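Reader: I'm new to this structure and would like to learn how to read it. Could you walk me through a few features?

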Amino acid sequence: MVSDIELDTLVPTIIRHSVQQISSNELKSPPDHSSISLDHSRLRFAASNQLGQETTSASSAQQTKEQVVRSRAQFIVTCCCMFTIGFNDASAGPLLPRMQSVYQISFLIVSLLFIFACVGFILGACLNVLVSDHVTFGKLLVLCEEAMIAFTLAIPAPPFPVFVLGYFINGIGSALQIAQVNGYLVVMGHNVNLKVALSQASYGAGAFVAPLVATQFSAMRHWSFHYLVSLSMVTTNAFLTSAIFRLQSKEDCRAQLGLEAMEPETSEHSPFRQIMNLKSVHILAAFIFLYVGTEVTIGGWTVTYIIQQRDAGTRSGYIASGFWGGILLGRIILIPLNNWLGDRLVMLIYIVLAIGLEIVVWLVPSLIGNAVAVSLVGLFFGPMFPVALSASRKVIPRWIYTGAIGWITGIGQAGSAALPFLTGALADAVGISSLQPLLVGMMSAMIAMWLLVPRPTRPD
């Protein structure tokens with residue numbers, strides 16, 4: 001609990017006024033125990049956040065040179081993990097036409113890759129909440145890499161069901177790793193927004209590189225050897241995470257950076273129940289589901305759309321790189337605009353601009369114009385995920401944040417499978433021309449869901 005002295009020195013004036021107001025209300029009317037309990041939780045939430053900020057600042061100022069180097073090494077390794085996840089997520093797009101040709105399968109069947117990856121993501125999100133308190137952070141990161149090695153199943157171009165199994169196992173590893181990385185970044189010290197933005201930019205960098213590599217392999221006889229690149233990256237990450245985090249817990253890793261341990265939450269309810277009872281968690285999960293699903297649908301199906309609707313060749317795979325390059329660029333250069341306009345407004349502006357550009361791709365039959373518009377859609381989509389994470393830190397308690405963000409990102413990654421599968425099913429029924437109206441509909445749903453996100457209960 002926070003002492004009276006700490007309240008006087010660390011808790012903002014508005015919280016003290018709230019305490020006085022609650023006390024005044026208690027004198028005027030009979031106590032409403034549920035209301036008092038809720039107000040107490042909010043005050044404790046804000047007080048714990050303020051104390052955490054003070055502790056972080058003091059600890060960061062006392063870091064030794066060795067601790068600073070270790071902090072940077074840990075951050076670089078987390079960025080390497082995000083780069084690999086981005087690379088794997090963006091690899092499928094340019095390879096889909098080749099898969100259809102090799103296996104002689106329809107849009108609907110090839111979309112099973114996405115639906116089984118979706119099941120893997122959801123399973124990974126549930127596992128993250130259940131095992132985070134029982135398996136150390138460092139061990140989980142290595143286990144994630146082991147799960148992602150499932151892409152080795154795809155290297156020899158096996159029967160398509162085996163190919164699908166690899167995507168399912170990879171989905172589990174990706175969901176776990178994204179949750180653990182994002183959960184750790186928010187407790188790594190100062191400049192949290194910048195670190196999250198740069199880690200997400202690393203994801204964008206991996207997604208930018210992937211289509212460049214996959215497009216080359218798609219024209220080769222041994223096209224599935226593309227997954228050798230994924231295997232080498234995952235193996236390297238497994239070595240790096242073992243060497244830097246040493247299979248240790250999150251608290252031990254923080255201690256090595258000179259940061260004080262965070263006060264654990266003592267509650268009669270399990271973390272899973274606390275997370276499931278938070279309305280903001282489910283709204284943010286639904287928004288991220290739509291966002292990630294739309295993002296991967298654009299990156300995965302636009303190449304097929306351009307080839308069939310604009311009579312372009314297989315080199316259209318580079319348009320996917322333009323989209324992911326826009327994601328990378330947007331996550332870096334738009335940081336000042338995000339901070340200036342604030343999370344809620346800037347998100348709405350980005351979505352509206354993306355809808356306008358997607359309508360251009362839909363209605364303007366120009367290969368070059370479409371390529372430029374898709375790249376600009378990527379630019380405005382880029383900052384959306386970091387902005388959503390920034391909003392989540394203001395409405396979700398710290399003591400359940402890792403589990404909550406795991407659930408949110410896990411459901412979001414499920415969107416990266418479910419919505420591309422829906423796109424493939426529609427394309428199989430009515431043609432790939434259905435892609436653009438479907439994307440506009442997805443983005444419109446994103447606006448509606450973002451408006452439902454609760455307003456911040458505390459400053460970032």
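**Reading the model step by step**

Author: Let's begin with alanine 157, which is partly exposed because its relative accessible area is 31%. Buried means under 20% relative accessible area, exposed over 50%, and partly exposed in between, with a 1.4 Å probe and protein chains only. This is a predicted model, in which local features need pLDDT of at least 70 and side-chain atom pairs count only at pLDDT 80 or more, while totals for chains, interfaces and linings use all residues. Residues are numbered from 1 along each chain as its sequence is written, and side-chain values use heavy atoms, leaving out hydrogens and water.

Reader: Where is alanine 157?

Author: Alanine 157 is in the loop between α8 (137-148) and α9 (160-185). Helices (H or I, at least four residues) and strands (E, at least two) are DSSP runs, numbered from the N terminus.

Reader: What is the phi of alanine 157?

Author: Here is the general idea. Most residues other than glycine have a negative phi. Alanine 157 is not a glycine, yet has a positive phi of about 55°. Arginine 246 also has a positive phi, near 55°, and lies in the loop between α11 (226-245) and α12 (250-256). Arginine 246 is partly exposed because its relative accessible area is 46%.

Reader: Is glutamine 100 buried or exposed?

Author: Glutamine 100 is buried, because its relative accessible area is 16%. Its place is in helix α5 (residues 92-103).

Reader: Which residues is glutamine 100 in contact with, leaving aside its neighbours within four places in sequence?

Author: Contact means heavy atoms within 4.5 Å. By that rule, glutamine 100 is in contact with Ile105, Ser106, Phe107 and Val110, leaving aside neighbours within four places in sequence. The C-alpha atoms of glutamine 100 and valine 110 are separated by 6.7 Å, though these residues are 10 apart along the chain.

Reader: At what angle do α10 and α19 pack?

Author: Axes are lines fitted to C-alpha atoms, for helices over the stretch in contact, and angles run from 0 to 180 degrees between N-to-C directions. α10 and helix α19 (residues 384-393) pack at about 145°, with their axes 9 Å apart. Among the residues that meet are Val192 and Asn193 in α10, and Phe385 and Pro386 in α19.

Reader: Where is isoleucine 332, and how accessible is it?

Author: Isoleucine 332 is in helix α15. With 39% relative accessibility, isoleucine 332 counts as partly exposed.
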